Amino acid sequence: MKLFLIIGLVISIIVYPNYSNANNLVKPWNWDQIDCLTKGIYYEAGWESSAGQELVAHTILNRVESNKFPNTICKVIYAPHQFSWTTFKKVSTINKDRWIKSQKIAYITYQRDYWWTNKNSPLIYKKINIEYIYWFMNSKKTSNAVKNQWKKVAKPYLIEGNHTFWIPK
């Protein structure tokens, strides 16, 4: 796993060279948290576009920054009944290319204040306000009963790929 982290970091520096400038880093790297964020992105949206993966990452980070959710990425990811893949005894085999892409998105979004200056981000290009997105669901796999429960406290905000992202009412 550490090898994948190192490979992902090297690739992110090559693809986004401005991120290699240590003066631009807003917070120190926490590899355990970045690994959890990578897993969240990969298992929730590893097959989605970069915009979809960034939205998943920012949804997780929004939760960390909110006082309504746990205060670390790993605690958000592994909170009970939040992400279905965390309950599987064995997860599927990792697709290396998708994992590395998920890592790259995790590295970039983890440095959140610096992310806002990233002109390569599809979300910034689309001018999507991500600040209050706390939930997402795979629209194709989620039952109407669950969607109706969510509608009591949240409203759909945007759709990206197979995911609908929700904000508080």
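Visitor: Which element supplies the largest share of the lining of the largest pocket?

Guide: The model is a predicted one. At least two residues of that lining come from each of α2 (31–45), β1 (135–138) and α8 (144–150). The largest share is four residues, and the element that supplies them is β1.

Visitor: How do the residues of the lining of the largest pocket divide into nonpolar, polar and charged?

Guide: The lining comprises 25 residues, and E44, F83, S84, W85 and N138 lie nearest the centre of the pocket. The space within the largest pocket is about 700 Å³. By class, its lining residues are 12 nonpolar, eight polar and five charged.

Visitor: Which residue is the bridge partner of F136 in β3?

Guide: An open sheet of three strands, with antiparallel pairing, has the order β1-β3-β2. Its edge strands, β1 and β2 (154–160), each pair on one side only. Between β1 and β3 (residues 163–168) there are four bridges in the antiparallel sense. In β3, the partner of F136 is F165.

Visitor: What distance separates the end C-alpha atoms of helix α3, and what span should its residues have?

Guide: Helix α3 covers residues 50–65, which is 16 residues. At 1.5 Å a residue, the helix should span 22 Å, and this agrees with the separation of its end C-alpha atoms, 22 Å.

Visitor: Why is α3 described as largely enclosed by the rest of the structure?

Guide: A residue is buried when its relative accessible area is under 20%. The helix α3 is largely enclosed because the number of its 16 residues that are buried is 13.

Note on methods:
Residues numbered from 1 in each chain as written. Predicted model: local features only at pLDDT ≥ 70, side-chain atom pairs only at ≥ 80, totals over all residues. Heavy atoms only, no water. Expected span 1.5 Å × (residues − 1). Buried < 20%, exposed > 50% of the residue type's maximum accessible area, 1.4 Å probe, protein only. 1 Å grid on protein atoms, 1.4 Å probe; cavity = no way out; pocket = protein on both sides within 12 Å on 5 of 7 lines; lining within 4 Å. Points joined across faces, edges and corners; volume = space filled by probe spheres on them. Nonpolar A, V, L, I, M, F, W, Y, C, P; charged D, E, K, R; others polar. Pairing = 2+ DSSP bridges.
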